[in-house]
Amino acid sequence: MYRRQHAVKPEVVKVLKSIDSPYVAALFNTGVYNDLPFEIIPYYKNVSLQGRKFSLEELKKTIIPCINEALKVLHQNGIIHKDLEPSNIMFMDDNTSVAVIDFGISSFVEQGNTVLVTKIGMTPEYSAPETFRNLFLEESDYYSFGITLYELFLGYTPYKNINAEEIAKFTAVQRIPFPKDMPEELKDLISSVTYFDITNRNKKIIQTEDGLIQKLIIGVKVENRYFQERE
């Protein structure tokens, strides 16, 4: 059972119940208990990725492909997550593969549309620049994906100890700062999904058979399938 302050939107609940992917937490039921909404989802005994660090090879082997597959499935079904971060990514029982949870502020949209919403519940450290203007798109989830990878490799986000207002100003005028010891291929991936300009950000992402992702993971195996770059 997962309890929260804000109930998952009914239209999101309906779609989530129809999704069958190991990389998106199954939603078995929802309700209200002691005036607080709850969801019944699988029990992840190995808990979340929060507070953990991973090597480049660990990220490439399973974590990046699993999250990429989760976003692909969610976006194909019209759901924008809007709060992707390590605490919302859970290790499965194999302690290697991961699944995305927590759809408390997620929204359902028709394909190709954008969503104008409030900033309630968003986590500023992982939020794309446009979300500070109340605009959420599929690309916004990939921005959060990039910041999440940054933290999973280094152990901290590029905006630690900075308040939301300062983050909004920083992301509007500057690129993400990278330490010298970050591998170039990981830096390239994170850079490609965290451009301030949404159009430019989209152009830097490669469309693959299994969703939007940069060249870093092409050739990585997930569920006996390989990511292949489209011509």
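**Core and rings**

So, the largest nonpolar core has 58 residues, and Leu 16 and Leu 59 have the most contacts inside it. By core I mean buried Ala, Val, Leu, Ile, Met, Phe, Trp, Tyr and Cys residues joined through side-chain atoms within 4.5 Å, where buried is under 20% relative accessible area with a 1.4 Å probe, protein chains only. Helix α2 (56–76) is among the elements supplying at least two residues, and α2 gives the largest share, ten residues. Helices here are DSSP runs of H or I, at least four residues, and strands are E runs of at least two, numbered from the N terminus.

Quick caveats: this is a predicted model, with local features needing pLDDT of at least 70 and side-chain atom pairs 80 or more, while totals for chains, interfaces and linings use all residues. Numbering starts from 1 along each chain as its sequence is written, and side-chain values use heavy atoms, without hydrogens or water.

What does Leu 59 contact, leaving aside neighbours within four places in sequence? Phe 54, Ile 64, Pro 65, Leu 149, Leu 152, Phe 153 and Leu 186, with contact meaning heavy atoms within 4.5 Å.

Now the rings: there are four aromatic pairs (Phe, Tyr or Trp ring centres within 6.5 Å, using Trp's six-membered ring; planes under 30 degrees apart are stacked, over 60 edge-to-face, the rest tilted). Phe 54 and Phe 91 make a tilted one, 5.9 Å centre to centre with 55 degrees between planes. Phe 54 sits in the loop between β3 (36–40) and α2, and Phe 91 in strand β5, 37 residues apart. Both are buried.

Technical notes: Buried means under 20% relative accessible area, exposed over 50%, partly exposed in between (1.4 Å probe, protein chains only).
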